[in-house]
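Okay, thanks for making time, everyone.

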Amino acid sequence: MALMNAKNLLEDPTVNNREIRFVANMRAIFGYVEGETEHADLVRSLAESGIEFKACENAMATLDVSESELLPVVDTVQLRSCPRAACR
């Protein structure tokens, strides 16, 4: 799982570049929705360690997910390469 890979990278003292960012689009945004994901605690913990989490605004609009439904550590981003029609 990508979240565990990120956690392992953060814990590896031989890795110098620890800038990690997850961007979820399409149905993957439900991994960032409070009450819809079993990984909420891990996402919060990784965010506290400096990992960034972003959700695609087009996917959110298409799937009727509001920003207030996202975990507080998740920001939104407008992805031009993710047309709304592709998010269905």
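**Starting from the core**

The largest nonpolar core has 26 residues, and the ones that touch the most other members are Phe22, Ile29, Tyr32, Ile51, Phe53 and Leu70. Before I go on, please keep in mind that this is a predicted model. H2 is the top contributor, with 5 residues.

Which residues does leucine 70 contact, once we leave aside its neighbours within four places in sequence? You'll find Tyr32, Val33, Ala55, Met60, Val65 and Thr76 around it.

Now, the sheet. There are 3 strands here, in the order E1-E2-E3, forming an open sheet with parallel pairing. On the edges sit strand E1, residues 21-24, and strand E3, residues 74-77, each pairing on one side only. If you ignore direction, neighbouring strands in this sheet are turned by 30° against each other on average. Look at strand E2, residues 52-56: it runs parallel to E3, and 4 bridges join the two. As a landmark, find phenylalanine 53, which stands opposite valine 74 in E3.

I want to pick out two residues of strand E2, glutamate 52 and lysine 54. Which of the labels buried, partly exposed or exposed goes with glutamate 52? Glutamate 52 has a relative accessible area of 30%, so it counts as partly exposed. Not counting residues up to four places away in sequence, glutamate 52 touches Ile20, Arg21 and Phe22. There's also a pair to locate on screen: glutamate 52 and glutamate 36 are 16 residues apart in sequence, and their C-alpha atoms are 19 Å apart in space.

Lysine 54, on the other hand, is buried, because its relative accessible area is 19% and the cut-off for buried is under 20%.

Next, a helix pair. In general, two packed helices are described by the angle between their axes and the distance between the axes. Here, helix H1, residues 2-11, packs with helix H2, residues 40-48, at an angle of about 30°, and the axes are 11 Å apart. That crossing is left-handed.

Last stop, the loops. Methionine 26 is in the loop between E1 and H2. Its phi is near 50°, which is a positive value in a residue other than glycine. With a relative accessible area of 36%, methionine 26 is partly exposed.

Then there's aspartate 64, which you'll find in the loop between H3 and E3. Aspartate 64 also has a positive phi in a residue other than glycine, near 55°. Is aspartate 64 buried or exposed? Aspartate 64 counts as exposed, because its relative accessibility is 65% and the cut-off for exposed is over 50%.

Notes: Residues are numbered from 1 along each chain as its sequence is written. This is a predicted model: local features need pLDDT of at least 70, side-chain atom pairs count only at pLDDT 80 or more; totals for chains, interfaces and linings use all residues. Side-chain values use heavy atoms; hydrogens and water are left out. Two strands pair if DSSP finds at least two bridges between them. Axes are lines fitted to C-alpha atoms, for helices over the stretch in contact, and angles run from 0 to 180 degrees between N-to-C directions. A crossing is left-handed if the near helix is turned anticlockwise from the far one by less than a right angle, and right-handed if clockwise. A nonpolar core is a set of buried Ala, Val, Leu, Ile, Met, Phe, Trp, Tyr and Cys residues joined through side-chain atoms within 4.5 Å. Buried means under 20% relative accessible area, exposed over 50%, partly exposed in between (1.4 Å probe, protein chains only). Contact means heavy atoms within 4.5 Å.
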